Every structure is written in C-alpha cells, then in structure tokens.
Amino acid sequence: MSIDAADRAAVAHFVRVCGSGVVATVGEQGEPQAAYVVMYAGDDAVLVFDAAVDSRKVANIARDPRIAVAVTGAAVTVQLEGEARATQGAERARLGEEYCRHFPSSRALDDGYALFAVDVRWVRVYDTGSHPPHVSEARWGS
C-alpha cells in the first residue's frame, strides 16, 4: 500500500524506517549542494539531522534556510522541501536526546556539531511498487 503524501504520520514513519537521505542546500554562488545524512522524523514529521559546524550545509542553511530532502526505500522515494533551522536551547536538548536514541553513536549534541530541524512544506511520494506507479503530492502548512 502506498504512502499518501498528505499523511504526516506515514511520511514520518517512512523517514524513521529509512533513517537517512540526501539533503540539498543552496551554495554561496547559488549552486546546489547535496550531502548524504542520517536523519530522524518526529511524530510531528519535523525532520532532524546533524552536521559538523564547519560543513558546507551549515553555512548554506545559515545563509538560506531552504532545503530539499530525498529519502529512498526499496520501491518508494519521498521528496520533501521546507526550511531548516539550527536548534538551540531546550529544543536542541529535546530533539537531540530523541535523535541520539535512534542513532546512539551520534555526536549531534557534542561541541562542533549543529542539530537541524526541518519544517516540511511540500512532499512528493513516488511508489514504483504499485502498478501503475503511485504518485502523490501535498503541501503542508506550518
């Protein structure tokens, strides 16, 4: 059965099961830059990932928070777009603890690492396991 792009819980579950994806940000000269990252999605479907503070994606997100993410399973690809923010204070502690529960070797809460939350605005699901392939898109509000 296919995932409905409008179903936040189903999309979040898919991201949690896959546990990783490709994050695309906008470089300093406007060029796309992509990086493979491990990620988690909370029940609210906010995506969470970490990055070394000296990485390109940290500088890119600080300059332009728009982000695209692709998560792929066996026959399903989920594309997500939204805005990323570096978490701080209580939010960083809360999301970081949950992230580290899923990825025990993570350094997300260590000095030198940023923990990002992505508020998803648009989702596209492409399922080639269905015949014909199933495609659904949804806009998510904030």
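Reader: Let's start with the hairpin of β3 and β4: which residue between the strands takes a positive phi?

Author: Ala45 does, with a phi near 70°, in a hairpin that has five residues between its strands. Please keep in mind that this is a predicted model. One place to look is Ala41, which stands opposite Leu47 in β4.

Reader: And how many bridges join β4 to β7?

Author: Six, and these two strands also run antiparallel. To get your bearings, find Ala52, which stands opposite Tyr113 in β7.

Reader: How should I read the side chains along a strand, and is β4 mostly covered or mostly open?

Author: In a regular strand, side chains alternate between the two faces of the sheet. As for β4, the strand is mostly covered, with five of its six residues buried.

Reader: Which residues touch the most other members of the largest nonpolar core?

Author: Phe49, Leu80 and Val123 do, in a core of 31 residues. At least two core residues come from each of α1 (8-18), β4 (47-52), α2 (56-63), β5 (66-72), β6 (76-86) and β7 (113-127). The strand that gives the most is β7, with six residues. Take Val123 as a case: beyond residues up to four places away in sequence, its contacts include Ala5, Val11, Val78, Leu80 and Trp140. There is also a second, separate core of nine residues, with Tyr40, Val48, Leu95 and Leu115 among them.

Reader: Now a helix, please. Which residues of α2 are buried, and why do they line one face of the helix?

Author: The general idea is that an α-helix has 3.6 residues a turn, so residues three or four places apart point the same way. In α2 the buried residues are Lys57, Val58, Asn60 and Ile61. Looking down the axis of α2, you find these residues within an arc of 165°, so they line one face. Arg56 and Ala62, on the other side of α2, are exposed.

Reader: What covers the buried residues of α2?

Author: The cover includes β1 (20-26), β2 (32-38), β4, β5, β6 and β7.

Reader: How many aromatic pairs does a search of the whole structure find, and why is the pair of Phe49 and Phe116 stacked?

Author: The search finds two. Planes under 30 degrees apart count as stacked. The planes of Phe49 and Phe116 are at 25°, with ring centres 5.4 Å apart, so this pair is stacked. Phe49 sits in strand β4 and Phe116 in strand β7, so to speak a link between distant parts of the chain, 67 residues apart. Phe49 has a relative accessible area of 1% and is buried, and Phe116, at 2%, counts as buried too. The other pair, Tyr99 and Phe103, is tilted, with 5.0 Å from centre to centre and 55° between the planes. Tyr99 is buried, at a relative accessible area of 0%.

Reader: One last stop, in strand β1: is Ser20 buried or exposed, and what joins its side chain to that of Tyr36?

Author: Ser20, whose place is in strand β1, has 13% relative accessibility; the limit for buried is under 20%, so Ser20 counts as buried. A polar contact of 2.6 Å joins the side chains of Ser20 and Tyr36. Leaving aside neighbours within four places in sequence, Ser20 is in contact with Tyr36, Val37, Val38, Met39 and Val71.

Key. Residues numbered from 1 in each chain as written. Predicted model: local features only at pLDDT ≥ 70, side-chain atom pairs only at ≥ 80, totals over all residues. Heavy atoms only, no water. Core = buried A, V, L, I, M, F, W, Y, C linked by side-chain atoms within 4.5 Å. Buried < 20%, exposed > 50% of the residue type's maximum accessible area, 1.4 Å probe, protein only. Helix = DSSP H or I, 4+ residues; strand = E, 2+ residues; numbered from the N terminus. Contact = heavy atoms within 4.5 Å. Pairing = 2+ DSSP bridges. Arc of directions from axis to C-beta. Phe/Tyr/Trp six-rings, centres within 6.5 Å; stacked < 30°, edge-to-face > 60°. Polar contact = N/O pair within 3.5 Å; in protein donor to acceptor, adjacent residues only side chain to side chain.
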